[in-house]
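Welcome! Take a look at the sequence and the structure first, then read on.

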Amino acid sequence: MSASSVRAGAVVPVLASAGITVALMQTLVIPLVPELPRLLHASAAGTAWAITATLLAAAVATPIMGRLGDMYGKRRMLLISVGMLVAGSVVAALSSSLVPMIAGRALQGLAAGVIPLGISIMRDELPSEKIGTAVAQMSASLGVGGALGLPAAALLAENFDWHTLFWVSAALGVIVFGLILRFVPESSVRSGGRFDLLGGIGLSVGLISLLLAISQGASWGWTGGRTLGLFALAVVALLAWGWWERRTTEPLVDLRTTARPQVLLTNLASMVFGFAMFAMSLVLPQLLQMPKATGFGLGQSMLTSGLVMGPSGLIMLVAAPFSAKISSTRGPKVTLMLGALVVAAGYGVGSVLMSSVWELVLVSLLIGTGIGLAYGAMPALIMSAVPVSETAAANSFNTLMRSIGTSVSSAVAGVILANLTISLGGYTLPSQSGFRVVLLIGAGAALTALVVASFIPARRSAAPAPAGAFADSSLEDRVGLADS
C-alpha cells in the first residue's frame with residue numbers, strides 16, 4: 001500500500017478522534033463539580049463558571065472558526081482549535097485557584113469548532129462512496145466523546161490527583177495535533193474574502209447574553225434584573241446582527257442561505273433535538289447515584305454511573321454507518337426522522353423502566369442509537385443545500401443550534417427538578433415524578449423534532465460526480481444523500 005493510500009485511509013479516524021477528544025471536554029469536570037469549591041478555595045457559584053465558561057466560549061468559537069476555515073483553510077483552523085485545547089488543558093492542569101481554571105476551561109471551549117471543520121474537510125477530500133459514513137461518524141463523535149468522557153473522568157478522579165484529568169486531556173490534544181499534521185491534507189476549497197469582524201462581535205454578544213441568561217437564570221432568578229437584562233440584550237444584539245448580516249457583502253453567516261427551507265428546518269430540528277438529547281445526560285446519572293433510601297434511587301458510584309452511560313457512546317459509533325446507509329437509500333430526512341423516533345421511544349421506555357441498572361443501560365442504548373442516526377443525517381442535509389465554499393460555516397451554525405437546544409434543555413430540566421422534590425434526612429432532592437416529567441418532555445421534544453423534520457423539502461438524488469469534479473459539486477451530486 002502506498003504512503004498516499006495510508007494517508008487517505010487515516011483521514012477519517014484521525015478527524016473522528018479529534019472530534020471525540022474535543023467532546024470529552026464537555027464532561028471532563030463533571031466528577032469534580034462537588035469538590036471544586038474545596039479544591040479551588042471558592043464558592044459553589046464561582047466554580048460553576050468552570051462549566052459555564054466552556055459553554056460560552058464554544059458558542060462563540062463554533063461559527064467563527066467555521067467561517068475562518070472556509071476563508072483561510074479548514075486544516076489550519078483545525079490545528080489552531082486543537083492547539084487552544086492543549087493550551088487550555090495545561091492552564092487548568094497548573095491551576096489551584098478559580099481564575100486560571102476558568103481561563104483554561106474557556107480555552108478548551110474555543111476548540112469546539114473541530115467537529116464542523118472535520119466534516120467540511122471530509123466533504124472536500126474524500127471520494128464520494130466514503131463521504132456518507134465518514135460524515136456520520138464525525139457528527140456522532142460529539143455524542144460519543146460526551147458519553148465516554150464521564151466514566152473515563154470518574155475513573156481518573158477517583159484514583160489520581162484531579163490535575164491528572166487535564167494533563168491527560170493535554171496529552172490527547174498533542175497526539176491529535178500530531179496526527180492531523182501527518183495525515184490530514186489542507187483543502188484547496190476556500191471562499192477567500194475578508195472576515196466580518198462586526199458580525200462576529202454582534203453574534204458573540206448576542207450568544208453570550210442569551211446563554212448566560214439561560215445558564216444562570218435559576219441562580220439569579222428568572223425575573224431578576226440581570227437575567228431579564230441579558231435576555232433583552234440578546235434580542236437587541238441578535239436582531240442588529242441579523243440586520244447587518246443581510247446588508248454586508250461578506251457576512252459571517254449567509255442568512256439568505258440559512259433561510260432556505262431545507263437549511264432552516266434542519267437547523268430548527270437540530271435545536272429541538274439538542275434539547276431532547278440532554279435529558280438523558282441529566283436524568284440517568286442522578287437516578288443511578290440517588291440514595292436507595294429515596295425508594296427509587298440506585299445508590300451507585302460516579303464510576304458506575306459513567307459506565308452505564310458509556311455504552312450509549314459506543315452505540316452511536318455503531319449507528320453511524322447505518323445512518324449513512326439509510327441516508328444513501330432513503331435520504332437523510334428519513335434518517336433524521338427515524339433517529340428522532342428512536343430517541344422518543346427511548347425516553348418513553350425510560351419513564352417506565354427506571355428501577356434497576358440494566359433498565360437504565362437499555363434506555364441509554366436506545367437513546368444513543370437514535371442520536372447516532374440523527375447526528376449522521378444533520379450535516380448531510382445541511383451540505384446538500386449550501387455551496388461548497390460555505391460548508392464549514394453552515395455546519396458550524398448547525399452545531400451551534402444543537403448547543404443552544406442543549407442549554408435550554410438544561411435550564412428547563414433544572415427548573416422542573418428544583419420544583420418537584422422530596423425531603424430526605426434534612427436534604428431536598430429531586431423526586432421520581434420530577435425525573436419522569438423530564439424524560440417525558442425529552443420524548444415530546446424528540447417527537448417535535450420528528451414533526452419539524454417531516455416538513456424538510458424532498459429533493460431528488462443526483463448521480464455521483466466523476467472523480468476530480470469534487471471541488472465544484474454539491475454534496476447531492478457527490479454522494480446522492482439528498483432526500484428522495
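## A patch, a pocket and a loop residue

Leu197, Ile201, Val205 and Leu233 make a nonpolar surface patch of about 340 Å². The model you are looking at is predicted. The points below start with this patch, then turn to a pocket and to one residue in a loop.

**The nonpolar patch**

- Helix α10 gives the most to the nonpolar patch, with 3 residues.
- Ile201, one of the patch residues, lies in helix α10.
- Is Ile201 buried, partly exposed or exposed? Its relative accessible area is 46%, so Ile201 counts as partly exposed, a class that runs between 20% and 50%.

**The second largest pocket**

- This pocket has a volume of about 290 Å³.
- Its lining is made of 16 residues, and those nearest the pocket centre are Trp241, Leu255, Thr258, Phe397 and Met401.
- Which helices each supply at least two residues of this lining? They are α10 (197-220), α11 (225-245), α12 (255-258), α13 (261-289) and α17 (391-419).
- By residue type, the lining of the second largest pocket has 14 nonpolar and 2 polar residues, with no charged ones.

**A loop residue to look up**

- You will find His41 in the loop between α2 (36-40) and α3 (44-47).
- The phi angle of His41 is near 55°, which is a positive value in a residue other than glycine.
- His41 has a relative accessible area of 69%; the cut-off for exposed is over 50%, so His41 is exposed.

Key. Residues are numbered from 1 along each chain as its sequence is written. This is a predicted model: local features need pLDDT of at least 70, side-chain atom pairs count only at pLDDT 80 or more; totals for chains, interfaces and linings use all residues. Side-chain values use heavy atoms; hydrogens and water are left out. On a 1 Å grid over the protein atoms alone, a cavity is a set of points where a 1.4 Å probe fits but cannot get out, and a pocket is an open set with protein on both sides within 12 Å along at least five of seven lines; lining residues have an atom within 4 Å of a point. Grid points are joined across faces, edges and corners, and a volume is the space filled by probe spheres set on the points. Helices (H or I, at least four residues) and strands (E, at least two) are DSSP runs, numbered from the N terminus. Ala, Val, Leu, Ile, Met, Phe, Trp, Tyr, Cys and Pro count as nonpolar, Asp, Glu, Lys and Arg as charged, and the others, Gly among them, as polar. Patches are made of residues with over 30% relative accessible area and no salt bridge: like charges are joined within 9 Å, nonpolar side chains (Val, Leu, Ile, Met, Phe, Trp, Tyr) within 5 Å. Accessible areas come from the Shrake-Rupley method with a 1.4 Å probe; for residues, only the protein chains shown count as cover. A salt bridge is a side-chain nitrogen of Lys or Arg within 4 Å of a carboxyl oxygen of Asp or Glu. Buried means under 20% relative accessible area, exposed over 50%, partly exposed in between (1.4 Å probe, protein chains only).
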